[in-house]
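Me: Please show me the structure. Then take me through it with questions and answers.

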Protein chains: 2
Amino acid sequence: MDLLKEKILSEGHVREGNILKVDRFLNHQLDIRLLNELGKEFHRRFSHLPVDKILTAEVSGIAIAAIAAQYFQVPVVFAKKLESKNLDPDTYEGEVYSYTKGKTYKIRVSKQYLSPGENILVLDDFLANGEAMKGLIEIIQGAKAHFIGAGVVIEKGFQNGGRELRDQGHLVESLVIIDSLENNEITFR
Amino acid sequence: MDLLKEKILSEGHVREGNILKVDRFLNHQLDIRLLNELGKEFHRRFSHLPVDKILTAEVSGIAIAAIAAQYFQVPVVFAKKLESKNLDPDTYEGEVYSYTKGKTYKIRVSKQYLSPGENILVLDDFLANGEAMKGLIEIIQGAKAHFIGAGVVIEKGFQNGGRELRDQGHLVESLVIIDSLENNEITFR
């Protein structure tokens, strides 16, 4: 997706530890016109599949999923990371290992908002080691819903998440795949 | 806004402690068609004002702000609550007192994404005591930008936030105002 590549090259920044900062348009400030184009592209790539609901994880997946959902005309559910008094106690849970924090945390979706047999598309901003994605798939499986595929804005192709998911037979559509961030240089596949 | 009132009556739940749960369409599952109507309504109410940017706070303001921003054709910035290695150290900060948690926490926006003189519209899901709104206004003032008004989906009119802001001369547009949640009954103004 050329528009996205250009945006990443012009406004993204590489930081130590293979971190790509896209705060200027995707993670802190949101370029809504760009998000619309990403949403259209996700719809184009998944329009051959039945999608009943889009699942994402707070925080940075929410805007992407909400904008994209307009093209699918389905609701969004976002998994919660934070403990909250307001969250129903009755939830589907997934475990996510965080490499940056060196520990495992839980993400949760109220059992009210996922139902057996529903076709669930997962959308998220990044796919690296796939830890967040595994947690989301665990939630979908817990609900006996169908995980029909994952759409991610940026896949770090030099980490294992995307390959593992595809090896397991899952459909993964990444709008861009980055093969290297070495020497502060962004190399697209 | 009748559509929103009907949604609150049919899918909202009142919980002890004057809590209105709107998880089914606004806070956990997102009814994207409804969010579109809310976005259009915010635009109608603020279209006489210059808006350069929409500011909100993570988590529950993000989807509302992102969908609404399409009608304003401006970027969104969301203030971060969570400590994150990825956030710039150079931020504007606001303090938010949480009644549920009984303590004060900080919200932050990178100095890169708010500039002096910019006209900032704040959008959020709830306005109750106005603590989150005060933190966001503190951030706007720190940036020497202009706080031109606040749009909230649901104002709890029996708490002080909305009245205090209006008494200070601020423009506050609430799509619905709830005057009471007593006896598990929702009374709109």
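This is a predicted model: local features need pLDDT of at least 70, side-chain atom pairs count only at pLDDT 80 or more; totals for chains, interfaces and linings use all residues.

Me: Which rotation superposes chain B on chain A, and what relation is that?

Reply: The copies are superposed by least squares on the C-alpha atoms of residues with pLDDT of at least 70 in both. A rotation of 180° with 0.0 Å of shift along its axis does it, at an RMSD of 0.0 Å. That is the relation of a two-fold axis.

Me: Which C-alpha of chain B is nearest the axis?

Reply: The contact residues of chain B recur in chain A at 100%, so the same surface serves both copies (contact means heavy atoms within 4.5 Å). In chain B, the C-alpha nearest the axis lies 2.7 Å from it and belongs to B:Ala63.

Me: What is the strand order of the open sheet that includes E3 of chain A?

Reply: Strands (E, at least two residues) and helices (H or I, at least four) are DSSP runs, numbered from the N terminus. Two strands pair if DSSP finds at least two bridges between them. This sheet has 7 strands with mixed pairing, in the order E3(A)-E5(B)-E4(B)-E8(B)-E9(B)-E10(B)-E11(B).

Me: Why is one side of each edge strand left without a neighbour in that sheet?

Reply: Each edge strand has a single partner strand, so one side has no neighbour in the sheet. The edges are strand E3 (29-30) of chain A and strand E11 (187-188) of chain B.

Me: In what sense do E4 and E5 of chain B pair?

Reply: E4 covers residues 53-57 and E5 covers residues 76-79. B:Thr56 stands opposite B:Phe78 in E5(B). The two strands share 4 bridges, and the sense is parallel.

Me: At about what angle does helix H5 of chain B run to E8(B)?

Reply: Helix H5 (residues 131-142) packs on the sheet and touches E4, E5, E8 and E9 of chain B. Angles run from 0 to 180 degrees between N-to-C directions, with axes fitted to C-alpha atoms, for helices over the stretch in contact. The value here is about 165°.

Me: Which residue in the turn between E6(B) and E7(B) has a positive phi?

Reply: E6 (residues 91-98) and E7 (residues 103-110) of chain B pair in the antiparallel sense over 8 bridges. B:Tyr92 stands opposite B:Val109 in E7(B). The two strands form a hairpin with 4 residues between them, and the turn residue with a phi of about 65° is B:Gly102.

Me: Which residue of E3(B) stands opposite A:Val76?

Reply: An open sheet of 7 strands runs E11(A)-E10(A)-E9(A)-E8(A)-E4(A)-E5(A)-E3(B). E5 (residues 76-79) of chain A and E3(B) pair in the antiparallel sense over 2 bridges. Opposite A:Val76 stands B:Leu30.

Me: Where is the cis peptide bond of chain A, and what is its omega?

Reply: Most peptide bonds are trans. A:Val59 lies in the loop between E4 and helix H4 (62-72) of chain A. The cis bond joins A:Glu58 and A:Val59, with omega at about 5°.

Me: What is the phi of A:Lys144?

Reply: Most residues other than glycine have a negative phi. A:Lys144 is found in the loop between H5 and E9 of chain A. A:Lys144 is not a glycine, yet its phi is positive, at about 55°.

Me: Which helix gives the largest share of the lining of the largest cavity?

Reply: On a 1 Å grid over the protein atoms alone, a cavity is a set of points where a 1.4 Å probe fits but cannot get out, and lining residues have an atom within 4 Å of a point. The search finds 1 cavity of 30 Å³ or more; grid points are joined across faces, edges and corners, and volume is the space filled by probe spheres set on the points. Its lining includes B:Asn129, B:Lys134 and B:Glu164. The largest share, 3 residues, comes from chain B's helix H6 (residues 161-167).

Terms used. Residues are numbered from 1 along each chain as its sequence is written. Chains are lettered from A and ligands numbered from 1 in the order in which they are written. Side-chain values use heavy atoms; hydrogens and water are left out. On a 1 Å grid over the protein atoms alone, a cavity is a set of points where a 1.4 Å probe fits but cannot get out, and a pocket is an open set with protein on both sides within 12 Å along at least five of seven lines; lining residues have an atom within 4 Å of a point.
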